[in-house]
2 protein chains.
Amino acid sequence: METLAENALKKLKEVHKPEIDKRLGQKIMEEKKYFPLEHEAFEKEVEFLYDFNMRGGKRLRPAFIVEGYLAVGGENIDAAYDASIAIEGSEAYLLIHDDIIDNDTLRRGKPTMHVMYKNYLESIGLGSRAVELGKSLAIVSGDLQAVMNYHWLLETDFPDELKTKVVLKFNHILRLTNYGQLLDITLETLPIEKVKEEDVITVHSLKTSAYTIWGPLQIGGVLGEATEDQLNAFYDYGYNLGIAFQLQDDILGLYGDVKKTGKPAHSDLKEGKRTLLIVKALENATEEQKRELLGILGKKNLTDEEAEIARDIVRETGSLEYNKKLARELAEKGLNAIKNADIEKEPKEYLIGIAEFLINRDV
Amino acid sequence: METLAENALKKLKEVHKPEIDKRLGQKIMEEKKYFPLEHEAFEKEVEFLYDFNMRGGKRLRPAFIVEGYLAVGGENIDAAYDASIAIEGSEAYLLIHDDIIDNDTLRRGKPTMHVMYKNYLESIGLGSRAVELGKSLAIVSGDLQAVMNYHWLLETDFPDELKTKVVLKFNHILRLTNYGQLLDITLETLPIEKVKEEDVITVHSLKTSAYTIWGPLQIGGVLGEATEDQLNAFYDYGYNLGIAFQLQDDILGLYGDVKKTGKPAHSDLKEGKRTLLIVKALENATEEQKRELLGILGKKNLTDEEAEIARDIVRETGSLEYNKKLARELAEKGLNAIKNADIEKEPKEYLIGIAEFLINRDV
């Protein structure tokens, strides 16, 4: 017998993803009808956005929109799929800007947007200005993607009253994501001793819970005319699960098998990442442990021995146990919220399945 | 007796601007109610956006929204003012990103957003990373401003049917502006001989006509339930006037009195700006004139003599006369479109007055 998690993943991959990919590709290409004149600049912009959007991605967020819609009894699944791609376009828009911010060169195994532009500019003989202009054109392309997302949402086959509500909701989710990004960047600028537990939890609740889980679910819910109770259940599910997922992700980043996680060894330590594991360890550490841990964090040429010392300190201070317990409790709260929600049976099983998948990873 | 231009400018300054400034300032401050927790990062973001938005600006675009609304018989002027600030917020959002793109340090006599952040980061001891992080935080702040604009538009006191229409219109104007920006950056990357008249005109029609004139007018028109004919009249007025204004601006940049224009001497020549004056001159130039002009364009240490040679070539090739004539014809077309439009008397006089002001500058 297949588990709920297996069923949900199968549905995500075999049902939702093809529907979403098809619409997303079509809509990006439709942008061509707005070109003000024939010019390679516009062709390239749409070509690059198409490439960027279509190079993979699990489509977890748009699938949450569709499942949220079905969960509250929505019946126009076609329109829900049409609306769902707006959140996937947002992901592209945010990643394009994030990659500039982080100066990253690769995204899903291919060049980031500013690097695509840089390569293109070099190929037409603009080598000396390619880096700077590539970033400029990537900012502008990201801004166009943002415009397209609102357009897609407003083009759907829903009454005006629901469109107004859903654009407000969508926009509010982007606001929260933006606040999460701002806080995240800010925490990186602070000495880690000044980062508080509440700050780290808030970043997770904005960048993961709101943006990835309860936001998309509520967007679908609004389109399906959900009750307040249903919207609240989506929130409780997503809020708790999103934080639990990120806490577990950080635990796996520090203690997980590098072969399974796929992350470079000790990358969180080398980056001096502001995880709750470290924040809590510093809070409980002796003066010596604190000095040792602070000396290790952010060290680019970190040795395996030093990484082991850091892991020991996080364990000895009780921070590992604290994080594990918190993640467990939050995951349980999230699961219970959706189990007890007054929503349709199949979507409920999907949401339980996705939750089980998200919190039982050992990769 | 006062002219229509004087009356219009007086109304812009004494009636529209105070109403718009008041609402804009209030709405930015209201953003605080969405802060997910108390943190200096959020306080700073809103403080900086307030400073950036409130440091001046004629408020020409939002005033066009209000006048467009009144022109088609709209009666809820309060709601029109509320909607109008969305386009002013867009100006802030676009300028924040443009200033990063152009690496500019000053905007309306004060630091640009990324420089405000850089200065702030330096003041809290982050000197070494202040430039890079300042740009990152400015990208994110610009993105928040974009979110706020949609929110403002959706919060207004109009029925859902009109809100849906107006967000689509607003969004479409941003799309056109984005295309204008993309094309503008792209033209800067091309050898000037490859830039065509059509390209230059298209940039003006997108970045000025659409974004500054007919776009805002149509936004107001949609809210006031304009007829198709009225929307078309706004388009004809704005399309022609916007291009005429920019052509004249370039003429003044090359031949105007530096003391009056306030621009650094020969700045367009030094930047190698892709103006229709230069494009047309190159088109008609002899081989020698072409070689000479191309040698002067983009020269950082340009002498007064060289600038004079460039001006002579633009004149001798007939490009100056061509540009003057085109600007005159377009301005006349724009004026006639609004004179013949079936709209309310007072707004019509305002629009005629603004047109006369825009095309009769000798500064």
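1. How many residues of chain B are in contact with chain A? In this predicted model, 45 residues of chain B are in contact with 46 residues of chain A, contact meaning that the C-beta atoms of two residues, placed from the backbone, lie within 7 Å.

2. The side of chain B that touches chain A draws at least two residues from each of the helices H2 (40-54), H4 (77-102), H6 (130-154), H7 (160-189) and H8 (197-223). Helices are DSSP runs (H or I, at least four residues) numbered from the N terminus. H7(B) gives the most, with 18 residues.

3. By class, this side of chain B has 27 nonpolar, eleven polar and seven charged residues. Ala, Val, Leu, Ile, Met, Phe, Trp, Tyr, Cys and Pro count as nonpolar, Asp, Glu, Lys and Arg as charged, and the others, Gly among them, as polar.

4. Within chain A, the axes of H1 (residues 4-30) and H4 (residues 77-102) come within 9 Å and cross at roughly 75°. H1(A) is therefore roughly perpendicular to H4(A) (65 to 115 degrees). Axes are lines fitted to C-alpha atoms over the stretch in contact, with angles from 0 to 180 degrees between N-to-C directions.

5. Residues are numbered from 1 along each chain as its sequence is written, and chains are lettered from A in the order in which they are written. Local features need pLDDT of at least 70, whereas totals for chains and interfaces use all residues.

Definitions and conventions: Predicted model: local features only at pLDDT ≥ 70, side-chain atom pairs only at ≥ 80, totals over all residues. Parallel < 35°, antiparallel > 145°, perpendicular 65-115°, else oblique.
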